[in-house]
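Hello,

Here is the structure you asked to look at.

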Amino acid sequence: MRLNILLIIFLLLNISINAQIEWMSMNEALDAQEKKPKKIFVDVYTEWCGPCKMMDKNTFTNDDVVEYINKHFYAVKFNAEGTEKVQYKDFNYTNPNYDPKRKGRRNSQHFFANALKVSGYPTVVFFDEKSDVISPVVGYKTPEQLEIYLKMIATDKYKKIKSAEDWKRYQKSFESTFED
């Protein structure tokens, strides 16, 4: 009996330790959204981007971040210089200038990243339940820095923020619950 309890505890700990964001492609997220509307969170990265790798290691492995993103969003990993074909809003986005000889180094920007107005890496882009872009957020974010955006978007509080003053008020009143 005692062995069974220890085994169950070990399995539960192992599951929580190995919790990961359930990443999918943009096309998969858009398809899933048609069946069950949910906001989309897109991590726009490049293979050569150091801060992107740091977010993968430090932010996207944080238990609070993983749990919150998986619960409230369809999560997408999108290589801004890759070759994935994206069907979005009746348009096929590609990267026709991609140079396979430059793989892993700076390459041409994918037309989808360009359409999202991605100007630096990493960038996270939020979409509403109808696949409309809410906002891109540029730069490396710690779990605590990302939390304010995740919760603002998931709870629709972003709709009430109309000015820089509103944003300052929201930031000041925000209480973080994510742990390092």
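**The disulfide**

The count comes to 1 disulfide, in a model that is predicted. Which residues does the disulfide join? The partners are C49 and C52, with an S to S distance of 2.3 Å. A pair of cysteine sulfur atoms has to lie within 2.5 Å to be a disulfide, so 2.3 Å for C49 and C52 meets the rule.

The torsion about the S-S bond of C49 and C52 is about 85°, which means that the disulfide is right-handed.

Are the two cysteines buried or exposed? Buried means under 20% relative accessible area. C49 has 1% relative accessibility and therefore counts as buried. C52 is buried too, because its relative accessible area is 3%.

**Two helices in contact**

Two packed helices are described by the angle between their axes and the distance between the axes. The pair here is helix α6, residues 143-154, and helix α7, residues 164-173. Their axes come within 11 Å and cross at roughly 110°. Angles of 65 to 115 degrees count as roughly perpendicular, so α6 is roughly perpendicular to α7. The crossing of α6 past α7 is right-handed.

Which residues make the contact? From α6 they are I148, Y149, K151 and M152, and from α7 they are W167, Y170 and Q171. Sorted by class, the contact of α6 with α7 has 5 nonpolar residues, 1 polar and 1 charged.

Regards

How values were computed:
Residues numbered from 1 in each chain as written. Predicted model: local features only at pLDDT ≥ 70, side-chain atom pairs only at ≥ 80, totals over all residues. Heavy atoms only, no water. Buried < 20%, exposed > 50% of the residue type's maximum accessible area, 1.4 Å probe, protein only. Axes fitted to C-alpha atoms, helices over the stretch in contact; angles between N-to-C directions. Helix = DSSP H or I, 4+ residues; strand = E, 2+ residues; numbered from the N terminus. Parallel < 35°, antiparallel > 145°, perpendicular 65-115°, else oblique. Left-handed = near helix turned anticlockwise from the far one by under 90°. Contact = heavy atoms within 4.5 Å. Nonpolar A, V, L, I, M, F, W, Y, C, P; charged D, E, K, R; others polar.
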